[in-house]
Amino acid sequence: MKLTKEMLDKVRDIEGFPIGKDEDIIELSDPPYYTACPNPFINEFIEKYGKPYVEEKDDYNCEPYTADVSEGKNDPIYNAHSYHTKVPHKAIMRYILHYTKPGDIVFDGFCGTGMTGVAAQMCGNPDPEFKLKVEKEFEKEGKKVEWGARRAILGDLSPAATFIAYNYNIPVDVEEFKKEAERILKEVEKECGWMYETIHTVEGVPQHDVEGNVIKGKINYTVWSDVFICPNCSNEIVFWDAAVDKEDGKVLDEFKCPHCGAKLTKTNLERAWRTVYDKAIGETIKQAKQVPVLINYTVGKQRYEKKPDKFDLELIQKIEEMDIPYWYPTDTIPKGDKTGEPIRIGITHVHHFYTKRNLWVLSAIYDKIKEPKIKFLFTSAIANLAITARYKFHRSGNVPLTGTLYIASLPTETNVIHGFKGKLGVLKKLFKVLDINISNCLIMTQSTNELSNIPSNFIDYIFTDPPFGDNLMYSELNFLWESWLKVFTNNRTEAIINKTQRKGLNEYQEFMEKAFSEMYRILKPGRWMTVVFHNSKNAVWNAIQEAILKTGFVIANVRTLDKKQGTFNQVTTTNAVKQDLIISAYKPKEGFIKRFLKEAGTEEGVWDFIRQHLEKLPVVIETNGKLDIIPERQEYLLYDSMIAFHIQKGASIPMSAAEFYEGLKKRFIERDGMYFLPDQAAIYDTKRLKLELNEQLAFVIQDEKTAIQWLKFKLLNKPMTYQEIQPMFLEELKQLRYEKLPELLDLLQENFLQDEAGRWYVPDVNKQADLEKLREKRLLKEFEEYKNVPGRLKVFRTEAIRAGFKNCWKNKDYKTIVKIGEKLPENVLQEDQTLLMYYDNAVTRLGG
């Protein structure tokens, strides 16, 4: 099938249409499977494979996937092509197998390297060892695996990402690929091999063979070094010579100037600069000076190292003076949060990221590429062939620092031909393991903020790993790849926090809301979305939660990936965002939404929500032979979920926390402090007879809410005296600096009861309701005082703010919510999910 300019015109106005000439977009594409723009062939894909959603006939029923997942990254598929972040495809496969059936359509709008597509296709062709492993895991959970390929629609804003994803997800003839790649490398080695020759020396003496000829070796890599100026004597200092301990393989914190003996540190040195004429751009440029200091080379099968000699320096100079006869990119590096470092040292254009020698050989290889798959070999290899690769002492493989364009003081120049040969071996393994005979994927380059080319209620499952805050600047980091592909990211709607692009947390959240809103629209009702989250900032975590909830999704489960153990544990505190999280959210059924909107603001609306929410929560979670407490089934999180759903739908909240807890106890079955529907309780009881309860939940007490949760957990099954509780409480207390936390005794008196022996215990539901009412009165009284405080609130009781916001929402007093919200420190508002939810929705109601 052909992609034409007329077709491009039809999708040109879709958000995220890339930057580039039409002919370059067309050349990079492989229709209908992949287009380096919004995919005009998506309707044919939908007509052929889509299964319409009919609620009356829909019998889909699935709880969130909560089993432990442990998948390493030492896999030929994972390692074939580098990227800034990716989830191992075998981990994704478990989610797809759990949530979908063969032939279902999976969507990933932030697809990166396309691992979601690989996972969907590999469900039809798993390796035997993995197949057996997953079947045993599912059998343990009482489920049967339905093997069979799923289909996938993958999208990303970055042409580099979608190009990589495309190459991972289409069939390839391994022998033809190998034959073509070897042909190109053979031609280039014949033409350019002389550039990586060096004279074999021992202790500086050139070596000769039996016939008296000088022995030459092949360079593996050359280490370069920054050059600085001594502030004491003004002489040049080669960093490698002065600051590197070669025996121990480390850089010294303090070292002496080789000329005057002055004690120096890297921070008090000034760079030496070189000024040269750059013929490629027709300008004189000034760059930080670097010189070659070490050559690693091979003679026969033996490796050697040497200091560059006259032959090596003259070879480099000769190449510098010659003109490269092939095209190579010369695009200007865009100003950005991650590009400031290279620009600061004079790396202002793409070709400056390569030595002249490597740029020549790369351009020679690129010129001979005719097949897209060989271009994939090219993009997989070039990441380690730029001067961003750092020298690693006594270790093999000089690689860049991930997630940045940082250029170290000791960069390495790797032999391009060797680099490509190594990557060729990796890709041959990849294609044999993938063994895709027919592509079940459709790949597009566009913003997830606008998916107008996908109909509503069409997708069966979403797995996505979106950008998170200021973790990674994808459009900046992908610029090197995209300059060779000649098609660039349109970053106007890139969902990141970036000072250069003038995008803060609010803009990031706005973009993510648009993306989740579109994902909500295209997902079938009753189906699931899994979101992978990597960020250590509570503010970003809350922005993501708010974006997910605001668009209509309901979060059913959040688990954290413990990187040390490689397992998932439940999230019980906000400090868990220091680890990777897996968020499970569902789209409520249309019938429920319609019913809720009629019942909104009534008690029946509350219990209708709780019934359908309990249906979607995990019933049993087992870890190391014990049953876990499921926080989402506990009263306080059920209450939080109910409140969030009402607020996002613009509904008033018809009951207090006390009334909610009382109604919960009457209507649902309680086990171990968790609430179940009758059929769920029967399943839980069966498991509970066989297994002990795992009571080792990790709580960190930061504020009043977490303090009460901790106390309830401790006192639920074992009443304790104040003297018994206090040492444990103080041990877990990590109080937030702005939090006006009541004394432990006050917390106990406000929320718990004492028996005759002076032991505190969790009251029954009726007494608890009475305590809640009294506590709420005190909190609202304190909130009233905050209204009259001039300027910002520095120390306050967060629970009083929450209670006040809830009361204002009930009375439709949105102005007070916004007024008090603006008095709070900005980080507090952004880092407290409940306060942010009330504030954001109040601003929306006021037309902000």
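**View 1. A cluster of aromatic rings in the predicted model.** Six residues are linked here by ring pairs: Trp327, Tyr354, Tyr366, Phe378, Phe420 and Trp484. Trp327 also has a charged neighbour. The charged end of Lys486 sits over the ring of Trp327, at 4.4 Å from its centre.

**View 2. A lysine over a phenylalanine ring.** Here the lysine is Lys266 and the ring belongs to Phe239. Lys266 lies over the ring face, 5.2 Å from the ring centre.

View 3. Across the whole structure, a search finds 48 aromatic pairs. For Phe163 and Tyr166, the ring centres are 6.4 Å apart and the planes meet at 50°, so this pair is tilted. Phe163 has a relative accessible area of 1%, and Tyr166 has one of 2%.

**View 4. Helix 21, largely enclosed by the rest of the structure.** Helix 21 runs over residues 603–616. At 1.5 Å a residue, its 14 residues should span 20 Å. The C-alpha atoms at its ends are 20 Å apart, which agrees. Ten of the 14 residues are buried, so the helix is largely enclosed. Among the buried residues are Trp607, Phe609, Ile610 and Leu614. The buried set also includes Asp608, His613 and Lys616.

Terms used
Residues numbered from 1 in each chain as written. Predicted model: local features only at pLDDT ≥ 70, side-chain atom pairs only at ≥ 80, totals over all residues. Heavy atoms only, no water. Phe/Tyr/Trp six-rings, centres within 6.5 Å; stacked < 30°, edge-to-face > 60°. Buried < 20%, exposed > 50% of the residue type's maximum accessible area, 1.4 Å probe, protein only. Lys NZ or Arg CZ within 6 Å of the ring centre and 35° of its normal. Helix = DSSP H or I, 4+ residues; strand = E, 2+ residues; numbered from the N terminus. Expected span 1.5 Å × (residues − 1).
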